[in-house]
Amino acid sequence: MLNFPVPYDAETIYSVIARAGVNLAVLSPKQLLDDVFQDRKVVATMDLPCNLNKIAFHLQATGKFSALELIYQHTLFPLYAVFVPEYTRLKAIELMCESSGGTVHMMLGIAASNVKTDGYFRYCKSCLQSQYEHYGVAYWKREWFLPALKFCSEHGELSVMTSSFKEHRHSYFSASDLIGLSVTKDSKRGEIGQKISSKAIELLQIPPITSPSTNQWTAFYKKLASDLSYTKGKNVCHSSIYERFIASLPEASLKEWGLYEGLDSETGWLKTMFRKHRKSFSYLQHLLIWHVFLPELEVKEIIRQVCNMPLNKTKHRPVVEKNLEPSGECLEKRCEWEMIVKKLGVKGARSSNGGGALYAWLYRNDRIYFLAFNAKYKKKENGARVQKVNWKERDIKQTKRLFRLLNDSEANFPKQRMSSNWFLKQLGRDSMIYAYRDKMPLTWQFLNTFSENVVEYQLRRVAKYCAEQERKGNDIKPWKLYREAGLSDQRIRTETRAVLSGLGYIDA
Ligand SMILES: [Zn+2]
């Protein structure tokens, strides 16, 4: 896809795709999905989009924006990355590069978390205005979509639209359409929300690092309690922590964020965070504790301290792996799952009758085996598919077609520049060829040798005009030559000008 927009600072991938649709005047949402992903089933996702290899491919000419950079700089992934085990972090990255079928949200614990995202479009009017002044367009910023937090760190409460992402499942809604829109909600409150939002932005800026283990998180919060003298011997004084926490944050905000209920109970999340970590907590739970107990420290410093906590023997291994003695029920379900997968593949098995329930059960109760088996099976499937292609034969056939195109061009004189992209478009499979560049050396040799640059394109048009005039026995008139060859003083390249003046058609 040519002229794919380059992402602005903190712009979501969703927004970049929406802008691509506007720039290229693609009116049909399905057509846009086709152009961007070559897949009409992709779901337009604001927070954690997938298929990022394809976006990185459209941006490859910029020399920046690998899929990993896109994940860390233009999605909400960093809100989760350091809080989940390393194994989950890597698996989620892998899924976001390809198509995931919604697994990423499940893996990162978003569906199960108390801290929910409402799924509505949100924006900050003042930010929109300044984007418009700077760039002439508006775009969706990732920090407007923090789960539960609806604040711009600079300007206060965000405006929430009445339409949700679900209503626009396969289409991309451009932020530029918001200019001039009436606001549904805009009030001045929530200084605390603003402060937490700016902490969240610090978290979003953490670069890719290995996730701390659950043991390191446990050690970090134990040490925090002890540094603040909230311990008696080896025990943590949960009641003192609770009192300071509740006194520092407005009850209404905690309620709004879904973090108030059961806060003081024995199994409440605040106590659990100061005990041995057995599961991941949400970004907001961590940020609130840091806001109350470590107000002076920057987020990156906190993460650095956690990463420096001693790793003990379980290291980066997921905690579940230790008690891997599968029960009878577990073995039965594994067997059942493997049988369906062998027949229908992982995707087919999941949507088959009873397959969905089996999928959910294994995911919940036997995750390590389950993800490993599925990944292995998918790899095998892909391997089988890739091996079927005879690359050598394809390369030769394709190069022959390219030569035919080149020969035909003398007679039918293409109006566009015969660039590499032009040739590939004629073949009708441009993105595939880029992706398998290494496997098709002849094709690439052809493109490097025969594709036209701008000067060659200008001279081809000049030559056409001159040959025609000669055939008709006419004189060559410079003004006519310019017009017929589509040249102008602004567009003509120095090299073209030199040739024309060498031939005596124009003055040097
Ligand atoms: Zn703002």
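Me: How do you know that domain 1 and domain 2 are in contact?

Reply: In this predicted model, 13 residues of domain 1 are in contact with 14 residues of domain 2. Contact requires heavy atoms within 4.5 Å, so these residues meet that limit.

Me: How much area do domain 1 and domain 2 bury between them?

Reply: About 1,300 Å², with 66% of it on carbon and sulfur atoms. Val-82, Phe-83 and Val-115 supply 44% of the area that domain 1 buries against domain 2, more than any other three residues.

Me: Why is area used to describe an interface?

Reply: The size of an interface is often given as the accessible area lost when the parts come together.

Me: What kinds of residue make up the side of domain 1 that touches domain 2?

Reply: That side of domain 1 has 10 nonpolar, 2 polar and 1 charged. Val and Phe count as nonpolar, so Val-82, Phe-83 and Val-115 belong to the nonpolar class.

Me: How many salt bridges are there between domain 1 and domain 2?

Reply: The count is 0 salt bridges. A salt bridge would need a side-chain nitrogen of Lys or Arg within 4 Å of a carboxyl oxygen of Asp or Glu. Polar contact is counted separately, and 3 residue pairs between domain 1 and domain 2 have it.

Me: Why is His-74 called buried?

Reply: Buried means under 20% relative accessible area. His-74 has 3% relative accessibility, so His-74 counts as buried. This residue is found in helix H4 (residues 67-74). Beyond four places away in sequence, His-74 touches several residues, including Pro-7, Tyr-8, Phe-65 and Arg-142.

Me: Is Phe-373 buried or exposed?

Reply: Its relative accessible area is 15%, and the cut-off is under 20%, so Phe-373 is buried. Phe-373 lies in helix H18 (residues 367-388). Leaving aside neighbours within four places in sequence, Phe-373 is in contact with Trp-337, Glu-338 and Val-341.

Me: What share of the chain is buried?

Reply: Buried residues make up 45% of the 508 residues in the chain. The chain has 25 helices and 6 strands.

Note on methods. Residues are numbered from 1 along each chain as its sequence is written. This is a predicted model: local features need pLDDT of at least 70, side-chain atom pairs count only at pLDDT 80 or more; totals for chains, interfaces and linings use all residues. Side-chain values use heavy atoms; hydrogens and water are left out. Buried area is the accessible area (1.4 Å probe) that two parts lose on being put together, summed over both. A polar contact is a pair of N or O atoms within 3.5 Å; within protein, one must be able to donate a hydrogen and the other to accept it, and residues adjacent in sequence count only if both atoms are side-chain atoms. Helices (H or I, at least four residues) and strands (E, at least two) are DSSP runs, numbered from the N terminus. Buried means under 20% relative accessible area, exposed over 50%, partly exposed in between (1.4 Å probe, protein chains only).
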